[in-house]
Amino acid sequence: LAAATGVESAIGSLWYFSDLGTRALMAEFYEQLQTDPRRTAALRASQLALLNGDTHIENYQLITQAGSTRIPEDLLAQESIDFTHPFFWSGFTLVGNPWW
């Protein structure tokens, strides 16, 4: 649908993800785009950041490589979540032009 509307590329998921997991991946993705404009490379680096535990939740804070932001407590049922599990990052894919 996104390609039909004329966007250059879109990130999609192959299955349902948690809102918090998606928020963590996308926060890291946009940070990665600052250092590498290739969308595929930014997505891969973001997925690796979750896999390696570099992007994580700690004390109601989303910790990314760029810093931390507070997570609203209604989104967070527990103080920390293990984003290293493939459920949170492996089903995202980029379709379309990989360049910005």
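Biologist: How many aromatic pairs does the structure hold?

Modeller: The structure, which is a predicted model, holds three aromatic pairs.

Biologist: What makes the pair of F29 and Y30 edge-to-face?

Modeller: The planes of F29 and Y30 stand at 75° to each other, with 5.2 Å from centre to centre; rings count as a pair if their centres lie within 6.5 Å, and as edge-to-face if their planes are over 60 degrees apart, so F29 and Y30 are an edge-to-face pair.

Biologist: Why is F29 called buried, and why is Y30 called partly exposed?

Modeller: F29 has a relative accessibility of 2%, and because buried means under 20%, F29 counts as buried. Y30, with a relative accessible area of 47%, falls between that cut-off and the one for exposed, which is over 50%, and is therefore partly exposed.

Biologist: Why is the pair of F83 and F88 edge-to-face?

Modeller: The ring centres of F83 and F88 are 5.1 Å apart and their planes meet at 80°, and since the cut-off for edge-to-face is over 60 degrees, this pair is edge-to-face as well.

Biologist: Which residues touch the most other members of the largest nonpolar core?

Modeller: That core has 17 residues, of which L25, L43, L50, I57 and F83 touch the most other members. The elements giving two or more residues to the core are α1 (19–35), α2 (39–51) and β5 (92–96), and α1 gives the most, with five residues. For L25, the residues touched beyond four places in sequence are L43, S46, Q47, L50, W89 and F92.

Biologist: How do you know that the span of α2 is close to the expected one?

Modeller: α2 has 13 residues and reaches 18 Å from its first C-alpha to its last, against an expected 18 Å at 1.5 Å a residue. Its buried residues include L43, S46, Q47 and L50, and what covers the buried residues of α2 includes β1 (9–13), α1 and β5.

Biologist: Why do β2 and β4 stand at the edges of the sheet?

Modeller: The open sheet has three strands in the order β2-β3-β4, with antiparallel pairing. Each of β2 (56–58) and β4 (67–70) has a single partner strand, so one side of each is left without a neighbour in the sheet.

Biologist: What makes β2 and β3 a pair of strands?

Modeller: Two strands pair if at least two bridges are found between them, and because three bridges join β2 to β3 (residues 61–64), these antiparallel strands are paired. In β3, L62 is the bridge partner of I57.

Terms used
Residues numbered from 1 in each chain as written. Predicted model: local features only at pLDDT ≥ 70, side-chain atom pairs only at ≥ 80, totals over all residues. Heavy atoms only, no water. Core = buried A, V, L, I, M, F, W, Y, C linked by side-chain atoms within 4.5 Å. Buried < 20%, exposed > 50% of the residue type's maximum accessible area, 1.4 Å probe, protein only. Helix = DSSP H or I, 4+ residues; strand = E, 2+ residues; numbered from the N terminus. Contact = heavy atoms within 4.5 Å. Expected span 1.5 Å × (residues − 1). Phe/Tyr/Trp six-rings, centres within 6.5 Å; stacked < 30°, edge-to-face > 60°.
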